[in-house]
Amino acid sequence: MILSDLQKDALGELFNIGVGRAASSLSQIVRDEVSLSAPQVTLAKTEDLTSTLLGAEFSEFSMVSLDFSGPFDAKAMLLFPERNALTIINSMLDAELTPEEMSEFEQEAMCEVGNVILNACISALADMLDIEFLGGLPEHHFGDHQTIAAMSADQESVVLLLQIDLLISQKLIEGRFVFLLSIDSLQTLLECVDGFLASQGMV
Amino acid sequence: MQAVESFLLESMQVGVLLLDAERRLKFWNRWFRSHLANVPEFAYGEYVEDIFPEICNSRLYAAIDQAEKFNLSSMLTPGLNKPVLPLFQKPADRKINRRMQQLIHVIALRHEHYKCMLQIQDVTATIKREQRLKVQSSQLLDAANRDALTGVGNRRRFDSALQELVYQSRQKNTPLSLLIIDVDHFKSYNDFYGHPKGDECLKQIAQALQLGLRQDSIDSLCRYGGEEFAILLPDVDRETAFNVAERLRIQIEGSRLENRALAKSPYITVSIGVSTLHPDSPQPVQALVTTADLALYQAKEAGRNCCMSYDMQSAKTSYVPEHG
Amino acid sequence: MSKPSLLIVDDSRMSRLMISKFISELRPDWEIQEAASGDEAVDKVDQEIPALISMDMNMPGITGLEAASLIQAKHPDIKIVICTANVQGAMRDSTARAGFSFVEKPITHDSVSRIISFFEE
């Protein structure tokens with residue numbers, strides 16, 4: 001299954017708006033300028049996730065995920081390499097913690113940051129495509145390649161993958177946005193996207 | 001609401017608020033009411049932002065809005081949010097306006113009457129505990145790296161600093177110098193004055209060394225062995241290192257710490273071995289230590305109370321020629 | 001006065017299509033040109049000077065703000081409107097200080113009307 005150029009473009013623009021709103025919210029929390037950009041969307045098979053995700057940098061990562069349901073179901077995830085997550089937490093909490101010093105407190109904060117970004121993207125999706133979702137509570141885990149392998153156990157799924165660049169306190173932090181969904185769900189999502197494009201007079 | 005639902009919510013030990021599709025309050029449970037400073041008489045049916053005006057323009061309001069508009073759930077953690085709802089652990093806190101630390105989940109609901117639920121947990125105790133643990137943990141870490149007697153760094157600290165500084169010197173392409181300082185005739189001192197006095201002497205030497213060091217070098221002073229100290233000096237070349245060593249040697253001599261154990265020298269003196277690693281020379285990390293040791297040995301052989309410097313290039317120890 | 005010309009700068013083809021669609025509905029007499037990046041916009045402006053530019057913020061290569069500043073330095077009469085989903089106060093202030101107007105994404109009939117009114121005021 002492949003995305004047409006126009007579909008890629010539409011989804012890219014959608015996430016661009018989503019992360020833009022997320023940056024706005026995050027800047028209110030940290031009271032500093034925050035910038036988020038999300039270049040191109042790529043579609044990949046879940047089993048290729050390890051290769052399409054970065055190599056060594058993502059061997060250990062912080063992951064915030066939430067499940068949402070609606071006309072289609074999906075799991076939305078935000079992944080940051082562990083030391084990048086630490087940079088984010090240190091910026092948001094105005095601290096200088098090391099990985100050993102990260103406690104529940106900081107992990108919760110990371111979960112909230114991920115939640116803000118994920119919700120902003122999903123609400124942008126809902127807004128633009130005019131669909132209704134129900135979004136669950138976010139969860140935070142530390143993961144490694146085994147976590148990714150477990151995700152790919154379900155052969156019937158695909159992932160929409162975006163690189164997310166977060167600029168905060170003059171530090172550039174790279175992460176990944178992953179939409180895990182079944183082939184059927186992807187089909188429905190693309191139908192919604194096509195519907196949106198048609199409504200705008202672009203087919 | 002059914003009796004059993006109401007009963008359950010009223011028994012819970014977390015706060016529960018239920019809002020309708022217009023952000024109006026439909027229900028709040030006993031736990032929540034009991035932790036408010038003032039319980040307004042007519043709250044049901046009121047807009048949540050009218051009941052709690054302080055939440056306007058807050059993350060909580062944005063989260064409630066997002067739940068109502070988009071059915072998306074969120075969490076607000078105490079780390080990133082100051083306590084936004086006027087909840088207090090105990091009556092005494094109300095007087096000093098010390099709100100409880102709140103972990104708030106805003107949950108979107110699909111229900112006939114309720115669109116949004118707020119779940120509020122009191123995490124004040126957890127946070128206090130975590131702060132205490134953090135303080136303890138950093139104190140422990142500090143103690144693990146400190147020599148109990150003299151208060152300077154210990155051998156473990158030296159070993160890890162050595163690795164770190166060698167790595168950095170290679171990265172930055174700058175030299176790294178090491179001074180090993182050994183108290184002259186310490187065994188005789190101990191035998192003559194007794195161990196407690198020997199300990200006291202080491203403490204004084206450590207202090208004198210610290211006085212002789214620049215502010216940023218004080219941290220790198222470590223007790224290397226029984227009567228040995230070591231100082232790692234990053235970005236310092238061979239000549240500068242020798243000057244530092246001389247300065248310290250003179251500082252100790254000038255402290256006039258009495259030593260009647262030997263007729264030869266009435267005061268405590270030290271011998272110092274100096275060595276310098278240059279980033280471009282392919283020496284292993286340990287070479288810095290073994291060569292400084294060698295220089296120290298030569299200093300002892302030369303009659304003590306002096307400094308010797310090892311030259312990596314010529315593989316010889318010597319006094320660095322005086323300049324000026 | 002000759003026909004007003006608008007240069008739409010956005011890396012998303014969809015966005016460019018949407019803006020030009022709304023513009024042709026609201027102002028059918030306007031001339032429309034497109035560029036897919038800040039660098040392309042700077043080049044295009046040197047060749048043919050537009051009266052108005054709608055500039056996306058987040059693009060590969062130089063940012064919209066950088067491109068707008070480069071263009072404004074050479075052609076101070078061109079009116080530039082920055083389109084972005086990131087509406088932080090600080091960003092708003094810095095675009096205003098630079099002399100640019102600011103329109104919030106997503107692109108709708110309303111937001112394009114606002115672009116038009118910035119040009120016509």
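Among contacts in chain B between residues at least 6 apart in sequence, 59% join residues at least 24 apart; two residues are in contact if their C-beta atoms, placed from the backbone, lie within 7 Å. For chain A, residues 24 or more positions apart account for 70% of the contacts with a separation of 6 or more, and for chain C the share joining residues at least 24 apart, among contacts between residues at least 6 apart, is 63%.

A word on the model before going on. It is predicted, so to speak of local features a pLDDT of at least 70 is needed, side-chain atom pairs count only at pLDDT 80 or more, and totals for chains, interfaces and linings use all residues. Residues are numbered from 1 along each chain as its sequence is written, while chains are lettered from A and ligands numbered from 1 in the order in which they are written.

Helices (H or I, at least four residues) and strands (E, at least two) are DSSP runs, numbered from the N terminus. The radius of gyration of chain B is 34 Å, well over the 20 Å that the globule rule gives for 324 residues, so chain B is more spread out than a compact globule. This radius is taken over C-alpha atoms, and the globule rule is 2.2 Å times the number of residues to the power 0.38. Chain B is divided into domain 1 (3-128) and domain 2 (145-318), with bounds that come from an automatic or database domain assignment. The C-alpha centres of these two domains of chain B lie 62 Å apart.

**Chains A and C**

Chain A comes to six helices and eight strands, in the order α-β-β-α-β-β-α-α-β-β-α-β-β-α along the sequence. Its radius of gyration is 17 Å, close to the 17 Å from the globule rule for 203 residues, so chain A is as compact as a globular protein of that length.

Chain C holds five helices and five strands, and from the N terminus on its elements run β-α-β-α-β-α-β-α-β-α. With 121 residues, a compact globule would have a radius of gyration near 14 Å, and the 13 Å of chain C agrees with that.

A residue is buried if 20 or more other C-beta atoms lie within 10 Å of its own, exposed if 12 or fewer, and partly exposed in between, with C-beta atoms placed from the backbone.

| Chain | C-alpha box, roughly | Buried residues |
|---|---|---|
| Chain A | 50 × 35 × 25 Å | 48% of 203 residues |
| Chain B | 95 × 45 × 35 Å | 36% of 324 residues |

**How the chains meet**

Two pairs of chains are in contact, and chains A and B share the most contacts. Here 20 residues of chain B are in contact with 24 residues of chain A. On the chain B side, helix H4 (59-70), strand S3 (74-76), strand S4 (102-108) and helix H6 (124-144) each supply at least two residues. H4(B) gives the most to this side, with four residues. The residues on the side of chain B that touches chain A divide into nine nonpolar, seven polar and four charged; Ala, Val, Leu, Ile, Met, Phe, Trp, Tyr, Cys and Pro count as nonpolar, Asp, Glu, Lys and Arg as charged, and the others, Gly among them, as polar.

No contact joins chain B and chain C, and their closest C-alpha atoms lie 14 Å apart.
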